[in-house]
Amino acid sequence: VVGRRARLDAVLGQESARGPSRRRRRNRRGLRCPSDLRGIIPRRSRRFLLRRGFGRRRILFLIVDFSRLLPGPWATQLLADMGADVIKVEQPGSGDYSRHNPPNYETGGVYFNSVNAGKRSIALDLTQESGRAVAHKLIAGADVVVESFRTGVPKNLDVHYERARALNDKIVYCSITGYGQDGVMATVPG
């Protein structure tokens, strides 16, 4: 069993869900669990948490983030903090508008850095067919799509709900607008 688990660990590049093999379970002090849990969590609970993979980051969902400025990136940041893998799609050249909004720190805006930490980023020109093809591949493999375009823009860029649903029938599509999808102010950005 130990040999099989060691091979599984080598393939996955991490310890298996049941924790390290018995040969590696004790550390230098002879403790059977991480020292940071001793005295804080009862022994029975520590064993339960270790068996469930406590302390390892688990990827729960893949989220494709087309949003800009603050509301959408903040929502996906909260999901990234809970373990989701977020891929932020930005416009080539300028990127997200909040990159350039003051106050700045070193090379970028503070707001951009605070709501986009821990995300992966890709620059795609969605006005070109090649950029849309990559976006469609991302959407096909995603669990959630978040966008904050003005009304009608997702349809023009071919990343609207109907297309996402055709590519992935289990997709969750979140569209964030300042003034709703219809009405007098629907086309106003915000």
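Okay, let's start at Asp 182, which sits in the segment after strand E7 (172-175); strands here are DSSP runs of E with at least two residues, helices are H or I runs of at least four, and both are numbered from the N terminus. Asp 182 is exposed, at 64% relative accessible area. For the cut-offs, buried is under 20%, exposed is over 50%, and partly exposed is in between, with a 1.4 Å probe and protein chains only. In sequence Asp 182 is 31 residues from Thr 151, and in space the two are 7.9 Å apart, C-alpha to C-alpha.

Quick word on what we're looking at. This is a predicted model, where local features need pLDDT of at least 70, side-chain atom pairs count only at pLDDT 80 or more, and totals for chains, interfaces and linings use all residues. Residues are numbered from 1 along each chain as its sequence is written, and side-chain values use heavy atoms, leaving out hydrogens and water.

So how confident is the predictor? pLDDT is its confidence in each residue, from 0 to 100. The protein averages 77, and 68% of the residues score at least 70. Residues 1-5 stay under 50, with seven contacts beyond four places in sequence, a contact being heavy atoms within 4.5 Å. Residues 20-37 stay under 50 as well, with 24 such contacts.

Now the rings. How many aromatic pairs does the structure hold? Two, taking rings of Phe, Tyr and Trp (its six-membered ring) with centres within 6.5 Å; planes under 30 degrees apart are stacked, over 60 edge-to-face, and the rest tilted.

Phe 66 and Phe 149 make a tilted pair, 6.4 Å centre to centre with 40° between the planes. Phe 66 is in the loop between E1 and H3, and Phe 149 is in the loop between strand E6 (144-147) and helix H6 (153-157), so the pair ties together parts 83 residues apart in sequence. Both are buried: Phe 66 at 1%, Phe 149 at 9%.

Tyr 161 and Tyr 173 have centres 5.8 Å apart and planes at 75°, so that pair is edge-to-face. Tyr 161 is in helix H7 (residues 161-167) and Tyr 173 in strand E7, so parts 12 residues apart in sequence get tied together. Tyr 161 is partly exposed at 37%, while Tyr 173 is buried at 17%.

Last stop, Leu 69, in the loop between strand E1 (62-65) and helix H3 (71-81). Leu 69 is partly exposed, at 38%.

Terms used: pLDDT = per-residue confidence, 0-100.
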